[in-house]
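Thank you all for coming.

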Amino acid sequence: MKHTEEAPLFDVAVVGCGPVGLMLAALLGKAGHSVVALERYPGPYGLPRAASFDGEIMRALAGLGIAAELAPSLYPQKAYEWRNGAGELLIKMDCREVGDSGWPDMTMFHQPDLEHALYSRCAALPSVDIRYGTTVTGLTQARDHVTLQSADGDTVSARYVVGCDGGNSFVREALAVEQDDLGFAEPWLVCDFALRRPAAELGLPSCVQIGDPEEPTTILTTGVDRQRFCFMLDDAGEHETHRTPDAAWARVSRYLSPDDAEIVRVATYVFRSLVARRWRDGRVLLAGDAAHQMPPFLGQGMCSGLRDVLNIAFKLDLVLRGVQDADVLDTYQSEREPHVRGVMATSVELGRQHTVRDPALARERDAKLVARHASLEEPERIVLPDLGPGLLGRGGGRLSVQGRVSNGRRTGRLDDVVGGGFRLLVTEEALPTLDLAALGAAGVKVAGFGSSAGGSVVIDSDGTHRRWLSGLGAVAAAVRPDNYVFAAGADAREVAGELLAILVPGSRN
């Protein structure tokens, strides 16, 4: 197929403009690649769905420059609690105001606000073309590009396509990709409200799972002056009956009245646990719910999708710039799938404990969890897995940390002062062993952590980074654009060499 100025060949076509698709479009557009994003709805969806993200995701959003825009509507959580029907505390996961990624461990948000911020970021990038009201109905792969056909007969061609089109993904179906079912499927009613007064004034819990066998319930403050209630249903056949406004008010009557709030959305879902068996087929990749769907009990569904595109974006950038062969895209699934399956397994287990309907079994659960909570010597926190094998060197695969640093002119989070992209973080003592010119030519930002600033040395204001390196048993850690460690070790030159080997092919020949 010949591509003309009237029908350009884009670098990447993104199918689906939810948070996952918009994030990918923004990341690739920021890197200078031409992107077209296609969405079947006529505009941004406008209703809340996902409700929380963690510090890792907030760090990524800040890297796109939208943290300040989002800040007024965000609600950082202090704890994630599980209680039984009598109100006894079963599980409490503490949420730090400043976690390892430099942001709150858990932040609640209103999804339309996030999508608006991501859309605005995309709209400001001249190489990104967002097309709402475009339903993709055909997909054909050629040797060097993919062609998408829409319901109105138009076609779009791109060097690569990423399906971010949700659980009912057309792209996944077009590739005939089967899914593994991990066995969790439960019907729920989800009710979102806009509050007329702050949640605290109304005495509403901010983040609690109530394991009442009569009616498992979730209550969340999902942003400034916003509240969500979720109720488990007996079976999916009840969906039509329970998603009326009157039914919603009846469910929440012990917490809210129409004088306190207005209904924003009432929806019914079957929470599922599904993983696609193939996340890449030639020039087409799957991300987000198109690749995996998980129950919401850890608040990691959307987070997992955003991690997907953070992983895809920097690898596609390497491929599109000719730095790496397309085979590097196979490391996307090898790295992300074990992480996703680990998170999903925990979410499924929590969901099963939360949704026990037999009163006797619920009492047994309560006794075990109360005893377990009483035995803890330190606060419990959500801990996520490392990456699986892939584009990693020795000591790679774990999430990096972010503390505060100063370069003598500016003090702030590491990313704000040093920047994103590929970074080499080292102790000040190891800095002289490095070829800074070669690293700079490869686009690597180098930060040495010392007691005074100058050149590539920054002051490690709160000691976060030196403690972290010490915990790794390393003097240097190479960090990828998705903020995961590429390699770490006790010889800074070796770590730098491993990084240069992927950024400057032939540098070790």
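One term first: a residue counts as buried under 20% relative accessible area, as exposed over 50%, and as partly exposed in between. Please also keep in mind that what you see is a predicted model.

With those cut-offs, Tyr269 is partly exposed, because its relative accessibility is 31%, whereas Phe271, at 13%, is buried. The rings of these two residues have their centres 6.5 Å apart and their planes at 25°, so the pair is described as stacked. Both belong to an aromatic cluster that also takes in Phe184, Trp188 and Phe297.

Across the whole structure, a search finds 15 aromatic pairs. Another one of them joins Tyr119 and Tyr132, whose ring centres are 5.9 Å apart with the planes at 50°, so this pair is tilted. Since Tyr119 sits in helix 4 (residues 111-123) and Tyr132 in strand 8 (residues 128-132), the pair ties together parts that are 13 residues apart in sequence. Tyr119 itself is partly exposed, at 30% relative accessibility.

Two rings also have an arginine over the face: Arg413 lies over Trp103, at 3.4 Å from the ring centre, and Arg283 lies over Tyr160, at 4.8 Å from the ring centre.

Let me turn to the interior. In soluble globular proteins, nonpolar side chains tend to be buried together. Here the largest nonpolar core holds 125 residues, and those touching the most other members are Leu24, Phe53, Leu61, Val162, Leu424, Leu434 and Val444. Which helix gives the most to this core? That is helix 8 (residues 301-320), with twelve residues. If we take Leu434 and leave aside its neighbours within four places in sequence, its contacts include Leu424, Val426, Leu439 and Val446, and also Ala492, Arg493 and Ala496. Apart from this core lies another, of 19 residues, with Phe193, Ala199, Val208 and Ala248 among them.

A polar residue can be followed in the same way. Ser150, in strand 10 (residues 146-150), counts as buried because its relative accessibility is 7%. Its side chain makes a polar contact of 2.3 Å with the side chain of Asp152, and, beyond its neighbours within four places in sequence, Ser150 is in contact with Thr134, Thr135, Val136 and Thr137.

Finally, the cysteines. How many disulfides does the structure hold? The number is zero. For Cys17, the nearest cysteine sulfur is that of Cys122, 7.7 Å away. Cys17 is buried, at 3%, and Cys122 is likewise buried, at 0% relative accessibility.

Definitions and conventions:
Residues numbered from 1 in each chain as written. Predicted model: local features only at pLDDT ≥ 70, side-chain atom pairs only at ≥ 80, totals over all residues. Heavy atoms only, no water. Core = buried A, V, L, I, M, F, W, Y, C linked by side-chain atoms within 4.5 Å. Buried < 20%, exposed > 50% of the residue type's maximum accessible area, 1.4 Å probe, protein only. Helix = DSSP H or I, 4+ residues; strand = E, 2+ residues; numbered from the N terminus. Contact = heavy atoms within 4.5 Å. Polar contact = N/O pair within 3.5 Å; in protein donor to acceptor, adjacent residues only side chain to side chain. Disulfide = S-S within 2.5 Å. Phe/Tyr/Trp six-rings, centres within 6.5 Å; stacked < 30°, edge-to-face > 60°. Lys NZ or Arg CZ within 6 Å of the ring centre and 35° of its normal.
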